[in-house]
Amino acid sequence: MTKRFLDFASLALATGLGVAYLTPIAKATLASAVTAVIYYVFARSGGDISLSMILVAAIVVIFFVGVAVSARVKSDEDPDPSKVVIDEVAGQLAAFLILAPVEWWSVLAAFLLFRLFDIVKPLGIRRLEAIPNGWGIMLDDLAAGVLAAIVINAAILIANLVI
């Protein structure tokens, strides 16, 4: 493969197949929203295969592809470019881990929590950004997604106990 093709493919994947180019602002939020809609439609369509298994497999693949392509797209001048949104895709999917029930309100809550934690980066998540070679770009969003999954699932569990 030529360097030119690898650069193009990396940019296409890093930008969420071009989703990042659909808006001049809030690229990460748009990528997360698109991911949430795709997840909701897929999860509600039913099927015989375990949604959790598919979700974990997708997160793992997207994470490692994201490490590679974001390392290729970033630069010394811009170590975490806003056009790189594959990290939001992986993080948003992580926010849906073990989500039950999968309803519009739970997907919306997981989306909002992920965006909040991705922006605020609580509990030392911001330190993950400093890890080099694409790892930091992906790890901080994955951590924000896992934290969102913990919070939304705990909230649902508590609500079910109270009700």
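Author: Leaving aside residues up to four places away in sequence, I86 touches L13, A14, I62, V65, G66, V69 and M138, where contact means heavy atoms within 4.5 Å. The model is predicted, so local features need pLDDT of at least 70 and side-chain atom pairs count only at pLDDT 80 or more, while totals for chains, interfaces and linings use all residues. Residues are numbered from 1 along each chain as its sequence is written, and side-chain values use heavy atoms, with hydrogens and water left out.

I86 belongs to helix α4; helices are DSSP runs of H or I with at least four residues, numbered from the N terminus. With a relative accessibility of 6%, I86 counts as buried. Here buried means under 20% relative accessible area, exposed means over 50%, and partly exposed lies in between (1.4 Å probe, protein chains only). The C-alpha atoms of I86 and V34 are 12 Å apart, and the two residues are separated by 52 residues along the chain.

D80 has 32% relative accessibility and so counts as partly exposed. Together with D76, E77 and D78, D80 forms a negative surface patch. Patch residues have over 30% relative accessible area and no salt bridge; like charges are joined within 9 Å, and nonpolar side chains (Val, Leu, Ile, Met, Phe, Trp, Tyr) within 5 Å. Asp and Glu count as negative and Lys and Arg as positive, with His and the chain ends not counted.

Helix α3 also takes part in a nonpolar surface patch, to which it gives the largest share, three residues. This patch, of about 430 Å², is made by V56, V60, F64, I131 and W135, the area coming from the Shrake-Rupley method with a 1.4 Å probe. W135 lies in helix α7 and counts as partly exposed, at 35% relative accessibility.

Side chains of opposite charge can pair when their charged atoms come close. D7 and R72 form a salt bridge with their closest N and O atoms 3.0 Å apart, a salt bridge being a side-chain nitrogen of Lys or Arg within 4 Å of a carboxyl oxygen of Asp or Glu. Because D7 lies in helix α1 and R72 in helix α3, the pair ties together parts that are 65 residues apart in sequence. D7 is partly exposed, at 30% relative accessible area, and R72 is partly exposed as well, at 37%.

A second salt bridge joins the side chains of K121 and D140, at 2.7 Å from N to O. K121 is in the loop between α5 and α6 (125–128) and D140 is in helix α7, so this pair ties together parts that are 19 residues apart in sequence. K121 and D140 are both buried.

Note on methods. The place of a charge is taken as NZ of Lys, CZ of Arg, CG of Asp or CD of Glu. Helices (H or I, at least four residues) and strands (E, at least two) are DSSP runs, numbered from the N terminus.
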